[in-house]
Amino acid sequence: MCGIFGYVGKQNASKVLIHWLEKLEYRGYDSAWFVVWNTSWLQLVKSVGKVSYLTAKSENTLVADETFSYWIAHTRWATHGWVTENNCHPHYSENEKIYLVHNGIIENYKELKDSLVAKWYKFYSETDSEVVAKLIEDSWEWNLLKTVEKVLPTLEWAYAFLFISKENPDEIIGVKYWSPLVFWYSNDKKDLYFSSDTQALAWVVENIIFLDDWELVHIKSSDYTIKSEWKLVSKSAEKIDVASLKAEKWDFKHFMLKEIFEQPKVLNDVFRWRIDFENLKLNKAGSFEELDKFEFDKVVFVACGTSYHAWWLGTYWLQDLAGMDSSVEVASEYEYKNIRVEAKTLYVFISQSGETADSIEPLKYLKSKWAHTFWIVNVVGSTISRLTDSWMFTRAGTEVWVASTKAFTAQICTILILTLYFWEKNWNLWRQKYRQIIQELQKIPGIIDELLKESEEIRKVAQEIKDYKQFFFLWRHLELAVAYESSLKFKEISYLNSQALPSWELKHGSLALVDKDFPSVIFMPSDFLYEKNLSSIQEVKARNGKILAVSNKKIDSATWNVIIPETIEETYPFITAIAGQLIAYHTADLLWRDIDKPRNLAKSVTVK
Ligand code: F6R
């Protein structure tokens, strides 16, 4: 994670640099640094904590300059070493002539560090990145570009770097291998920028170049050249419409709450052009036409975190409705399996950010084996969306801070649309049910609106549960994904411990934990398993445990109730999931947690 940013131009450093760091802060907010460079002076500003601390420190220290200056900056999400000023980027060489910012992980850094220590190099930080600065000093070829090109092949695995050097004061080098990096410039080519991703871009960017692995941009004065695997290439710039990426908090207390309330609109965006509500059928254009060319008998889903939970629902829908064999794999583990690529299997990857390293690795492997891959991503222009030939964007708009909410809802909606596609394609279409689901989907945004009106009621329940320290989140059938996702949301932002568990598993051991101080949240809409869930409540109550029931019916045996509006069995997860988000949000807010920037986390996980 970490965000890196670079700039060459004449603009006022303190304003523009801080602006961009704030945009990238969602990628990591342990600490931030920048170094501003012009041919006659150099300035480093650093701060542990959020970018706002850096803003306070840098105010009035940096002045506008009429000459070009060269800036590199970084927001950190710690991988190697504590959150201290010493571990913050930019890192520099022992002679203080070479500076760099890095996003990624250098896996062979220990070996490289040992060889440098043997040559008497001293290290001020615990990071893998400092090793690269010292390595460049040690390998110095009297020219930054030459030396960088010599050193990079010795580094194992992921990086996006920006380098500057006092020896070549009018140059900046950006290079990418696995970790994301984009480069863009103003129309008059007087302002040149690097950034970790497009989500940080706040206005229309006319001339953007997405860098691929082993590509390097070398800026000298205000000219740039691009190399691929160290050979000069020409790459054309693209224009991206970033209007849709803009995000403002409006009057909401937190971005998370704003994003929860955006969900009805998000779902209407997901439906657009894909579902023909008048004729109760799918509009089979775009990605579906691509899928139509093949016959698939199995779908394997690969994802991490919240996106992984979304897929769980997908496996149930695909099996129950479309009659298709399907399984879900957690991306970080998948690459360790002996994957047998099947010609009639569709491998579907899902990611909000489109930058998750754990997902990119198995995707690249599957592509190398000619597997049929399909992506469901949210961020347009992200690494993942550029890796596959067919995909569906989730259209959730920018999700600014860590806890994923509207992206999850958009994901499950997109997955349901994919299910409808396969269902219709397969011979076993139960037309009445198919039509009923489409009819109900159209109503879901309105039903969510009804639930959102109950937000303050849910806050009252949160007030009751906030002082307990650990919880079970119980589920049966389709509520599996909801319970796991709600439990994750709860942990992430309230820092209270919760474990998702199938209700029927309680009696196989976990019931031992239940007592008056260990409540359970149960997701139990009135579906065909409702009675069974009532029995689970009794099991918990018999052990003195308290129950928060999330259901469309008031449950007298429960200690607390969150009553949700009615829908049909297949679409309840849209509603219960949002109830889970509100429970997590209000509990965390009542505990005064830093909801949009929970501790230890970052928005996109671009390291393994
Ligand atoms: C939790 C959350 C994470 C992400 C996970 C995968 O709120 O957002 O669990 O879902 O890191 O990220 P993406 O979906 O960007 O691949």
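**View 1. Open parallel sheet of 5 strands in a predicted model**. The strands follow the order E19-E18-E20-E21-E22, and their pairing is parallel. Strands (E, at least two residues) and helices (H or I, at least four) are DSSP runs numbered from the N terminus. Two strands count as paired if DSSP finds at least two bridges between them. Strand E19 (325–330) and strand E22 (391–393) are the edge strands, each pairing on one side only. On average, neighbouring strands of the sheet are turned by 15° against each other, with direction ignored. Axes here are lines fitted to C-alpha atoms, for helices over the stretch in contact, and angles between N-to-C directions run from 0 to 180 degrees.

Residues are numbered from 1 along each chain as its sequence is written, and side-chain values use heavy atoms, leaving out hydrogens and water. Because the model is predicted, local features need pLDDT of at least 70 and side-chain atom pairs count only at pLDDT 80 or more, while totals for chains, interfaces and linings use all residues.

**View 2. Pairing of E18 with E20**. Strand E18 (residues 298–303) runs parallel to strand E20 (residues 345–351), and the two are joined over 5 bridges. Val300 stands opposite Tyr347 of E20.

**View 3. Helix H9 on the sheet**. Helix H9 (residues 305–320) lies across E18, E19, E20 and strand E21 (372–377). The angle between H9 and E19 is about 170°.

**View 4. Packing of H7 and H12**. The axes of helix H7 (residues 263–271) and helix H12 (residues 406–425) are 9 Å apart, at an angle of about 30°. H7 is therefore roughly parallel to H12 (angles under 35 degrees; over 145 is roughly antiparallel, 65 to 115 roughly perpendicular, the rest oblique). Their crossing is right-handed, the near helix being turned clockwise from the far one by less than a right angle. The contact (heavy atoms within 4.5 Å) involves Gln263, Val266, Leu267, Val270 and Phe271 of H7 and Lys406, Thr409, Ala410, Cys413, Thr414 and Ile417 of H12. By class, this contact has 7 nonpolar, 3 polar and 1 charged residues. Ala, Val, Leu, Ile, Met, Phe, Trp, Tyr, Cys and Pro count as nonpolar, Asp, Glu, Lys and Arg as charged, and the others, Gly among them, as polar.

**View 5. Crossing of H3 and H4**. Helix H3 (residues 109–117) and helix H4 (residues 128–138) have axes that come within 10 Å and cross at roughly 45°. The two helices are therefore oblique to each other. The crossing is left-handed. On H3, the contact residues are Tyr109, Leu112, Lys113 and Leu116; on H4, they are Asp128, Val131, Lys134, Leu135 and Asp138. They divide into 5 nonpolar, no polar and 4 charged.
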